[in-house]
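Here is a short briefing for a reader new to this structure. Look it over first, then follow the topics below.

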Amino acid sequence: MKTYTLKVAGLERQLPILPVNEKLSIAAFVMFSDVELTVACARELLKKTGDFDVILTAESKGIPLAFELARQSGKNYVVGRKSVKLYMSDPISVNVKSITTAGVQTLYLSQEDAQRLHGKRVLIADDVISTGESLTALEKLCEEAGGIIACRSAVLAEGEAADRDDIVFLEKLPLFFKD
């Protein structure tokens with residue numbers, strides 16, 4: 001299997017290069033189970049994010065990062081869920097289409113979580129920003145809840161996302177195209 005060597009937050013990881021379709025492959029970045037990487041990336045991101053009151057991420061790959069950002073900053077975090085749970089009262093929702101997910105998904109926030117964002121400066125955090133669709137969904141959830149976006153952040157900016165000036169990130173992640 002081909003791999004890409006990622007250097008981020010003072011660490012090095014070998015990422016498998018996996019096909020998205022016949023013409024595009026990506027280096028698969030997964031923070032799950034890599035505590036050392038998660039801690040180091042959160043530490044470095046917090047140096048770049050500025051002031052915020054609460055963290056917002058999407059289920060599920062952003063959760064370890066959001067937890068560690070919360071642990072290191074002492075701020076709480078909220079998760080945009082992929083399905084409505086029994087305990088969620090009167091949820092708000094937005095649709096999202098991500099490069100790594102088949103089909104359109106919906107993200108949900110309960111009214112209780114929406115209140116945690118209302119009037120607060122929100123740090124949106126994710127593992128990778130690529131097409132920006134997940135980021136857009138999180139922005140919409142934040143706005144629906146009455147939150148104020150303080151910063152958009154990710155560990156990695158993939159492809160053209162690295163050219164954006166409205167996000168902070170630690171490293172660029174290339175896309176791999178076949179002719």
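Two strands count as paired if DSSP finds at least two bridges between them. On that basis, 4 strands make an open antiparallel sheet in the order β1-β2-β3-β11. The model is a predicted one. A further 5 strands form an open sheet with parallel pairing. Helices α1 and α2 pack against each other at an angle of about 60°.

**The antiparallel sheet**

- The strand order is β1-β2-β3-β11.
- Its edge strands are β1 (3-8) and β11 (175-177), and each of them pairs on one side only.
- Neighbouring strands here are turned by 30° against each other on average, with direction ignored.
- Strand β3 (residues 24-27) is joined to β11 by 3 bridges, and the two run antiparallel.
- Within this part of the model, Ser-25 stands opposite Phe-176 of β11.
- Helix α1 lies across β1 and β2 (11-19).
- The direction of α1 is at about 105° to β2.

**The parallel sheet**

- Here the strands follow the order β5-β4-β8-β9-β10.
- The edges are β5 (76-80) and β10 (168-173), each pairing on one side only.
- From one strand to the next, the twist averages 25°.
- Strand β4 (residues 54-58) pairs with β5 in the parallel sense, over 5 bridges.
- Val-54 has Asn-76 in β5 as its bridge partner.
- Ile-55 stands opposite Tyr-77 in β5.

**Strand β4 inside the structure**

- How many residues of β4 are buried? The count is 5 of the 5 residues, so β4 is largely enclosed by the rest of the structure.
- Side chains in a regular strand alternate between the two faces of the sheet.
- In β4, Val-54, Leu-56 and Ala-58 point one way.
- Ile-55 and Thr-57 point the other way from β4, and all of these residues are buried.

**Helices on the parallel sheet**

- Helix α1 (residues 35-46) lies across β9 (148-158) and β10, running at about 125° to β10.
- Helix α2 (residues 63-73) packs on the sheet and touches β4, β5, β8 (121-129) and β9.
- The direction of α2 makes about 170° with that of β4.
- The buried residues of α2 are Pro-64, Leu-65, Ala-66, Glu-68, Leu-69 and Ala-70.
- What covers them includes α1, β4, β5, β8 and β9.
- Just after α2, Gly-74 takes a positive phi of about 80°.

**Where α1 meets α2**

- The axes of α1 and α2 are 9 Å apart, and the packing angle is about 60°.
- Are the two helices parallel or oblique to each other? With that angle, α1 and α2 are therefore oblique to each other.
- The crossing of α1 past α2 is right-handed.
- From α1, the contact involves Thr-38, Val-39, Ala-42, Arg-43, Leu-45 and Leu-46.
- From α2, Pro-64, Leu-65, Glu-68, Leu-69, Gln-72 and Ser-73 take part.
- By type, the residues of this contact divide into 7 nonpolar, 3 polar and 2 charged.

**Val-39, a residue of the helix contact**

- Val-39 lies in helix α1.
- Leaving aside residues up to four places away in sequence, Val-39 touches Glu-68 and Gln-72.
- The C-alpha atoms of Val-39 and Glu-68 are separated by 6.2 Å, although the two residues are 29 residues apart along the chain.
- Is Val-39 buried or partly exposed? Buried means under 20% relative accessible area. Val-39 has a relative accessible area of 26%, so Val-39 is partly exposed.

**Ser-60, a residue of the loop**

- Where is Ser-60 found? Ser-60 is in the loop between β4 and α2.
- Ser-60 is partly exposed, with a relative accessible area of 27%.
- Not counting residues up to four places away in sequence, Ser-60 touches Phe-32 and Lys-82.
- Ser-60 and Ser-73 are 13 residues apart along the chain, and their C-alpha atoms are separated by 21 Å.

How values were computed: Residues numbered from 1 in each chain as written. Predicted model: local features only at pLDDT ≥ 70, side-chain atom pairs only at ≥ 80, totals over all residues. Heavy atoms only, no water. Axes fitted to C-alpha atoms, helices over the stretch in contact; angles between N-to-C directions. Contact = heavy atoms within 4.5 Å. Parallel < 35°, antiparallel > 145°, perpendicular 65-115°, else oblique. Left-handed = near helix turned anticlockwise from the far one by under 90°. Nonpolar A, V, L, I, M, F, W, Y, C, P; charged D, E, K, R; others polar. Buried < 20%, exposed > 50% of the residue type's maximum accessible area, 1.4 Å probe, protein only.
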